[in-house]
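Subject: A structure for you to look at

Hi there,

Here is the structure I promised to pass on. Have a look at it first, and then read my notes below.

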Amino acid sequence: MTSAQKTEVKHKMIAELNRLTQEIVTLEEVTRPVSAEDMDEITRMDSIVHKSVNEAALAAAKTRLAGLEYAIKRIDEPKFGCCIDCGEKIGFARLLAMPETVRCIDCAS
Ligand SMILES: [Zn+2]
């Protein structure tokens, strides 16, 4: 990876980090417990369904955020951009699409 490519990946990581942080704030807001007296039965059921979907999205966003934070710390290490399983270089396009990835496309599948 060239240093220009590395900078591009780093910018992508920071943009993703900011986006995810914002997304987590929003999801935490919508998954907050709501008092049952405030709604009728149908609204309550609807809210329970949406809540579980949002909770899953929140968990996924948090996992991704942790991965990105880890990747940002490692970006200047010589091993950054290499697959943790086979040691081969991870493709630049893959890193740009998924900057938190630690495996090459072969090992990830
Ligand atoms: Zn690999």
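What follows is a short tour, from the whole chain down to one residue.

Please keep in mind that this is a predicted model.

Buried residues account for 9% of the 109 residues. Among contacts with a separation of 6 or more, 60% join residues 24 or more positions apart.

Which residues make up the largest nonpolar core? There are eight: Val9, Met13, Leu20, Leu68, Ala71, Ile90, Leu95 and Cys104. Helices α1 and α2 (41–74) each give at least two residues to this core, and α1 has the largest share, with three. In soluble globular proteins, nonpolar side chains tend to be buried together.

Why does Val9 count as buried? Because 20 other C-beta atoms lie within 10 Å, and 20 is enough to reach the cut-off. Leaving out residues up to four places away in sequence, Val9 touches Leu95, Leu96 and Pro99. Leu68 is 59 residues from Val9 in sequence, yet their C-alpha atoms are 11 Å apart in space.

Then try Ile90: beyond its neighbours within four places, its contacts include Gly81, Leu95 and Cys104.

Enjoy exploring!

Terms used
Residues are numbered from 1 along each chain as its sequence is written. This is a predicted model: local features need pLDDT of at least 70, side-chain atom pairs count only at pLDDT 80 or more; totals for chains, interfaces and linings use all residues. A residue is buried if 20 or more other C-beta atoms lie within 10 Å of its own, exposed if 12 or fewer, and partly exposed in between; C-beta atoms are placed from the backbone. Two residues are in contact if their C-beta atoms, placed from the backbone, lie within 7 Å. A nonpolar core is a set of buried Ala, Val, Leu, Ile, Met, Phe, Trp, Tyr and Cys residues joined through C-beta atoms within 7 Å. Helices (H or I, at least four residues) and strands (E, at least two) are DSSP runs, numbered from the N terminus.
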